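Here is a short briefing on one protein model. Look at the structure first, then work through the points by topic.

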Amino acid sequence: MTVDQWSEIMYVNIYGCTNEYTPVDAHYCKNPESFGFLAGVYFISFVLIAGVLVLNMMVAAITVSMDTIAQDINKQHLDKTDEHPGEDSSKLLDPEQSRAVDRHKEVLLMLRELEDKIEQQTRDIKQLQHELDT
């Protein structure tokens, strides 16, 4: 939507074609009815809503495009790691990414240890409850 000369069409609908057409174009005026204030409200709201919709669609198209590119990059990265199955995948990353991967591995290890401790404590609590019940 270019909103090119939309105001001319709006004014024809507000004031009627007899007041807005030039003498050369007067023969095009078949229905000289004017709609006044309602036409202005309609056209202005239409332009604003259509503008927002077009902007949202452009943002959506850009977002979808960027998501597709990100998926392609991830697929290429996975393909590289599949090409070198014996290689450590951290060699394909820059040093900062390698440190981040290492930190994530450490966190996962700590969570697994914590999970084991919680399971052991749960077993101990159940055993104590069983001893108290008997």
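Phe43 is buried in this predicted model. Its relative accessible area is 15%, and the cut-off for buried is under 20%. Phe43 also takes part in ring pairing, so the aromatic residues come next.

**Aromatic rings**

- The structure holds three aromatic pairs.
- One of them joins Tyr11 and Tyr15, and this pair is stacked. The ring centres are 6.1 Å apart, with 15 degrees between the planes.
- Why does that angle count as stacked? The angle is 15 degrees, and planes under 30 degrees apart count as stacked.
- Tyr11 and Tyr15 sit four residues apart in helix H1, which spans residues 6-15. Because of that spacing, about one helical turn separates them.
- Tyr11 is partly exposed, at a relative accessible area of 36%. Tyr15 is partly exposed too, at 44%.
- Tyr42 and Phe43 form an edge-to-face pair, because their planes stand at 85 degrees. The centres of these two rings are 5.4 Å apart.
- Which residues make up the aromatic cluster? Tyr42, Phe43 and Phe46 form one cluster.

**The disulfide**

- A disulfide is a covalent bond between the sulfur atoms of two cysteines.
- The structure holds one disulfide. Cys17 and Cys29 form it, with their sulfur atoms 1.7 Å apart.
- Is the disulfide right-handed or left-handed? The torsion about the S-S bond of Cys17 and Cys29 is about 60 degrees, so the disulfide is right-handed.
- Cys17 lies in helix H2, while Cys29 lies in the loop between H2 and helix H3 (37-83). The pair therefore ties together parts that are 12 residues apart in sequence.
- Are the two cysteines buried or exposed? Cys17 is buried, with a relative accessible area of 6%. Cys29 is buried as well, at 17%.

**The loop residue Glu33**

- Glu33 is found in the loop between H2 and H3. Glu33 is partly exposed, at 44% relative accessibility.
- Where does Glu33 stand relative to Ile14? The two are 19 residues apart in sequence. In space, their C-alpha atoms are 8.9 Å apart.

**A backbone detail at Gln5**

- Gln5 is not a glycine, yet it has a positive phi of about 60 degrees.
- Gln5 belongs to the segment before H1.

**The overall fold**

- How many helices and strands does the protein have? There are four helices and zero strands.
- Read from the N terminus, the elements run α-α-α-α.
- The protein has 134 residues, and buried residues make up 9% of them.
- The accessible surface of the protein comes to about 11700 Å². Carbon and sulfur atoms supply 61% of that surface.

**Confidence in the model**

- The mean pLDDT of the protein is 82. Of its residues, 89% reach 70 or more.
- Which element has the lowest mean pLDDT, and which the highest? Helix H2 (residues 17-20) has the lowest, at 81. Helix H4 (residues 95-133) has the highest, at 86.

How values were computed. Residues are numbered from 1 along each chain as its sequence is written. This is a predicted model: local features need pLDDT of at least 70, side-chain atom pairs count only at pLDDT 80 or more; totals for chains, interfaces and linings use all residues. Side-chain values use heavy atoms; hydrogens and water are left out. Rings of Phe, Tyr and Trp (its six-membered ring) pair if their centres lie within 6.5 Å; planes under 30 degrees apart count as stacked, over 60 as edge-to-face and the rest as tilted. Helices (H or I, at least four residues) and strands (E, at least two) are DSSP runs, numbered from the N terminus. Buried means under 20% relative accessible area, exposed over 50%, partly exposed in between (1.4 Å probe, protein chains only). Accessible areas come from the Shrake-Rupley method with a 1.4 Å probe; for residues, only the protein chains shown count as cover. pLDDT is the predictor's confidence in each residue, from 0 to 100. A disulfide is a pair of cysteine sulfur atoms within 2.5 Å.
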